[in-house]
Amino acid sequence: MTGFEFSFSFFGLILGLALAEGLGGLARALKASHRVRIGWPTALLGLFVSCDVVTFWMYGWTLRELLPLNWPVLFGGFVVTAVYFVAASLVFPDDPEAWDDLNAHFDKQRRLVIGGVLLANIALVAVTWAFVGLPRAGTVRAFILAWSFFPVAALAIAAKDRRIVVACLIWLLALYPLSAVWH
């Protein structure tokens, strides 16, 4: 077993649990949808966290040859994957029927959720820079796909108007398929 296989089995377990936590919350909300309104903001937030977890998993694969098996990498990976798990667990309430409208839950938790994903991405960029070096930042693709993520996520955290937050989430979600087709 390589060091990557050893460490990423641990990270993959936590990332898988994060996805399961988010999907479980969605399932509970859907089961209660006859009593509670889910709303677009909550659905978009859940999709955003899920897409970012999958993207983090892909970056792990990309960095597999560069990551050493040592305490800082294992502990740092644990912290980042734990942040994803907590963020995913906050998207949907434990008891959706305790809420009339999940938009109120969204308003209460979205800063923590988006902030956690933002911190995980900052950590990912820092690790990538440490092992690969600074990316080419001068291209339009790099600016739109990579560098727009951070200010848009920060705006989604700071905004008071839910419509602005939803617009930010739509932009952030559009970056995932765009990055897959724009090479």
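The model is a predicted one.

- Pro 93 is located in the loop that runs between α3 and α4.
- Although 68 residues separate Pro 93 from Gly 25 along the chain, their C-alpha atoms are 7.0 Å apart.
- Once neighbours within four places in sequence are set aside, the contacts of Pro 93 are Arg 28, Trp 99, Leu 102 and His 105.
- His 105, one of these partners, belongs to helix α4.
- With a relative accessible area of 5%, His 105 is under the 20% limit and is therefore buried.
- Apart from residues up to four places away in sequence, His 105 touches Leu 90, Val 91, Phe 92, Pro 93 and Trp 99.

- Thr 42 is part of helix α2.
- The relative accessibility of Thr 42 is 1%, so Thr 42 falls under the 20% limit and counts as buried.
- Beyond its neighbours within four places in sequence, Thr 42 is in contact with Val 91, Phe 92, Leu 102, Asn 103 and Phe 106.
- Lys 108 is found in helix α4.
- Lys 108 has a relative accessibility of 57%, and because this is over 50% it counts as exposed.
- The C-alpha atoms of Lys 108 and Gly 39 are separated by 14 Å, and the two residues are 69 residues apart along the chain.

**Packing of α1 with α3**

- The axes of α1 and α3 are 8 Å apart, and the two helices pack at an angle of about 10 degrees.
- An angle under 35 degrees counts as roughly parallel, so α1 and α3 are described in that way.
- On the α1 side the contact is made by Phe 6, Ser 7, Phe 10, Phe 11, Ile 14, Leu 15, Leu 17, Ala 18, Glu 21 and Gly 22.
- On the α3 side the contributors are Val 73, Leu 74, Gly 77, Phe 78, Thr 81, Ala 82, Tyr 84, Phe 85, Ala 88 and Ser 89.
- By residue class, this contact of α1 with α3 comprises 14 nonpolar, five polar and one charged.

**Packing of α1 with α2**

- α1 and α2 have axes 10 Å apart and pack at an angle of about 175 degrees.
- Because angles over 145 degrees count as roughly antiparallel, this term applies to α1 and α2.
- From α1, the residues that meet α2 are Phe 4, Phe 8, Gly 12, Leu 15, Gly 16 and Leu 19.
- Their counterparts in α2 are Ser 50, Val 53, Val 54, Phe 56, Trp 57, Gly 60 and Trp 61.
- The contact of α1 with α2 holds nine nonpolar residues, four polar and no charged.

**The cavity**

- The model has one cavity of 30 Å³ or more.
- The largest cavity contains about 50 Å³ of space.
- Its lining is formed by Ala 18, Leu 19, Gly 22, Gly 46, Val 49, Ser 50, Val 53, Ala 88, Val 91 and Phe 92.
- At least two residues of this lining come from each of α1, α2 and α3, and α2 gives the most, with four residues.
- The lining of the largest cavity is made up of seven nonpolar residues, three polar and no charged.

**The second largest pocket**

- Two or more lining residues are supplied by each of α1 (3-31), α2 (40-62), α3 (71-91) and α4 (102-132).
- The element that gives the most to the lining of the second largest pocket is α3, with five residues.
- In class terms, the lining of the second largest pocket has 13 nonpolar residues, three polar and no charged.

Methods. Residues are numbered from 1 along each chain as its sequence is written. This is a predicted model: local features need pLDDT of at least 70, side-chain atom pairs count only at pLDDT 80 or more; totals for chains, interfaces and linings use all residues. Side-chain values use heavy atoms; hydrogens and water are left out. Ala, Val, Leu, Ile, Met, Phe, Trp, Tyr, Cys and Pro count as nonpolar, Asp, Glu, Lys and Arg as charged, and the others, Gly among them, as polar. Contact means heavy atoms within 4.5 Å. Axes are lines fitted to C-alpha atoms, for helices over the stretch in contact, and angles run from 0 to 180 degrees between N-to-C directions. Angles under 35 degrees count as roughly parallel, over 145 as roughly antiparallel, 65 to 115 as roughly perpendicular and the rest as oblique. Buried means under 20% relative accessible area, exposed over 50%, partly exposed in between (1.4 Å probe, protein chains only). On a 1 Å grid over the protein atoms alone, a cavity is a set of points where a 1.4 Å probe fits but cannot get out, and a pocket is an open set with protein on both sides within 12 Å along at least five of seven lines; lining residues have an atom within 4 Å of a point. Grid points are joined across faces, edges and corners, and a volume is the space filled by probe spheres set on the points.
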